[in-house]
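Dear colleague,

I am handing over the structure below, and I would be glad if you could read these notes beside it.

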Amino acid sequence: MKRLDAYSQPAAPWTRIEMLLAAFDGIITRLERAQALLDQDDALKAQPLLLRSQQIVLALYEGIDLRYGQIPQNMQKLYLFVLTCIGMGPKVDVPAALKILHMIRDGLESIRGSASEMERRGELSPVVEDPRLLRHIVA
């Protein structure tokens with residue numbers, strides 16, 4: 001064993017809330033860049049950012065478990081609204097999508113500490129981490 005190896009520590013695993021926040025940060029960053037390009041009338045360069053944002057929102061939508069009542073149902077509706085705004089609807093409205101995404105992200109940030117603690121205590125099941133999982137989400 002090399003001497004420096006004694007000082008290396010394994011990376012702490014991501015909690016569910018941290019992964020959600022990273023996903024929202026990735027979407028928001030992409031959409032802000034896409035909006036800047038749209039403001040410059042460069043829809044061609046904005047398109048890949050909008051498409052990747054749609055993919056991430058769809059992945060979040062797919063992860064919803066409707067067995068847990070009204071909150072997952074509401075999240076499903078919000079994700080569908082965002083998808084409609086960022087190119088799956090009749091008109092692109094990135095500012096409206098960003099408004100909703102910031103609202104959700106702020107709500108998640110407000111429970112970050114308690115959600116992480118619940119996961120560490122075993123009250124929430126941990127995420128099975130794949131090192132490649134966040135590679136394409138975080139901007």
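In this predicted model, Met75, Leu78, Phe81, Val82, Cys85 and Ile86 in H3 meet Val94, Ala96, Ala97, Ile100, Leu101, Met103 and Ile104 in H4, where contact means heavy atoms within 4.5 Å. The residues of this contact divide into 13 nonpolar, no polar and no charged (Ala, Val, Leu, Ile, Met, Phe, Trp, Tyr, Cys and Pro count as nonpolar, Asp, Glu, Lys and Arg as charged, and the others, Gly among them, as polar). Helix H3 (residues 70-88) and helix H4 (residues 94-110) pack at an angle of about 150 degrees, with their axes 8 Å apart, and are therefore roughly antiparallel to each other (angles over 145 degrees count as roughly antiparallel).

H1 and helix H2 (residues 43-62) pack at an angle of about 155 degrees, with axes 8 Å apart, which makes H1 roughly antiparallel to H2.

The structure also holds one aromatic pair (ring centres within 6.5 Å). The rings of phenylalanine 24 and tyrosine 79 have their centres 6.4 Å apart and their planes at 35 degrees, so the pair is tilted (planes under 30 degrees apart count as stacked, over 60 as edge-to-face and the rest as tilted). Phenylalanine 24 lies in helix H1 (residues 16-39) and tyrosine 79 in helix H3, 55 residues apart, and both are buried (under 20% relative accessible area, with a 1.4 Å probe and protein chains only).

Residues are numbered from 1 along each chain as its sequence is written, and side-chain values use heavy atoms, with hydrogens and water left out. Local features need pLDDT of at least 70, side-chain atom pairs count only at pLDDT 80 or more, and totals for chains, interfaces and linings use all residues.

Notes: Axes fitted to C-alpha atoms, helices over the stretch in contact; angles between N-to-C directions. Helix = DSSP H or I, 4+ residues; strand = E, 2+ residues; numbered from the N terminus. Parallel < 35°, antiparallel > 145°, perpendicular 65-115°, else oblique. Phe/Tyr/Trp six-rings, centres within 6.5 Å; stacked < 30°, edge-to-face > 60°. Buried < 20%, exposed > 50% of the residue type's maximum accessible area, 1.4 Å probe, protein only.
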